[in-house]
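Open the model in a viewer with the whole chain displayed.

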Amino acid sequence: MSSNLVIAIAGASGSGKSLFTENLLKEFAQEGKSVQILREDHYYRAQDHLPMEEREKNNYDHPRAFEHELLVKHLQGLKAGKSIEYPSYCYKTHTRLKETETLMPAPVIIVEGIMLLASPELQPLYDVKIFVDTPLDICLLRRIKRDIAERGRTLDSVAKQYEATVKPMYHQFIAPSRFTADVIITQGGENRIALDVLKSHIQQALL
Ligand SMILES: Nc1ncnc2c1ncn2[C@@H]1O[C@H](COP(=O)(O)OP(=O)(O)O)[C@@H](O)[C@H]1O
Ligand SMILES: O=c1ccn([C@@H]2O[C@H](COP(=O)(O)O)[C@@H](O)[C@H]2O)c(=O)[nH]1
């Protein structure tokens, strides 16, 4: 089977991209439609060669932090009907895990991540471009809670990283990329009308 619709969902860290993606997936699952999800975070570069102190200091909010070459290859492969070996990434150790997962092509591919609209090499692969637009103070509060609960961080480490890279890189790369989007989603992952509009667009496109 070859895939025929690639949807990119971008936005700041903590904007609700993952939640929006999960909710969209649920809509399609209820109708028995096959959707494949790729997370840009899984394409962070492997850093096994670096000591932990170096990894902790890295800028993870720059497009070059990602192996976009591999993501391009994978999207092209899925579009051509081929399976891919999807990498996995650990936020606690800041590197790739050994395991990969075989992903099969599907009629709809959703790709989700902070730099997806800020990277020109990826743009030609998308059919629909979405930007989840959430005020930065809300993103930060969500990130603090999530990173402490799930990503092995402390309040101090989240605050330092936010000031050093997350916020400046947001203004340099993510905020300007908003203007390349087809659709801007406010109110994050639970925006019912946005979910319905998108679902209906996707259904039409797949007829
Ligand atoms: N509308 C919302 N209301 C409350 N919490 C939310 C909302 N959207 C997202 N969250 C929570 O905020 C955190 C970050 O959201 P997530 O979807 O992971 O953001 P992103 O993928 O953009 O970094 C998660 O813990 C998520 O459950
Ligand atoms: O090793 C890492 C890799 C990434 N990060 C941070 O993650 C976010 C992107 O993930 P979201 O799920 O969109 O929040 C990015 O802002 C990086 O700063 C990290 O801290 N360490």
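Predicted model: local features only at pLDDT ≥ 70, side-chain atom pairs only at ≥ 80, totals over all residues.

A compact globule of 207 residues would have a radius of gyration near 17 Å, and the chain agrees because its own value is 17 Å. Along the principal axes, the C-alpha atoms fill a box of roughly 50 × 35 × 30 Å.

Among contacts with a separation of 6 or more, 77% join residues 24 or more positions apart.

Hide the surface and go inside, where buried residues make up 51% of the chain. Select Leu38, Leu71, Leu75, Val111, Leu122 and Tyr126; of the 39 residues in the largest nonpolar core, these touch the most other members. Then highlight β1 (5–11), α3 (68–79), β3 (84–86), β7 (108–112), α4 (136–150) and α5 (155–177), each of which supplies at least two residues of this core. Helix α5 gives the most, seven residues.

Centre on Leu71. Which residues is leucine 71 in contact with, leaving aside its neighbours within four places in sequence? They are Leu38, Glu40, Tyr43, Val111, Leu116 and Leu122.

For the last stop, select Ile110, Ile185, Ala194 and Leu195. These are among the 18 residues of another core, which lies apart from the largest one.

Note on methods:
Residues numbered from 1 in each chain as written. Chains lettered and ligands numbered in written order. Heavy atoms only, no water. Rg over C-alpha atoms; globule rule 2.2 N^0.38 Å. Buried < 20%, exposed > 50% of the residue type's maximum accessible area, 1.4 Å probe, protein only. Contact = heavy atoms within 4.5 Å. Core = buried A, V, L, I, M, F, W, Y, C linked by side-chain atoms within 4.5 Å. Helix = DSSP H or I, 4+ residues; strand = E, 2+ residues; numbered from the N terminus.
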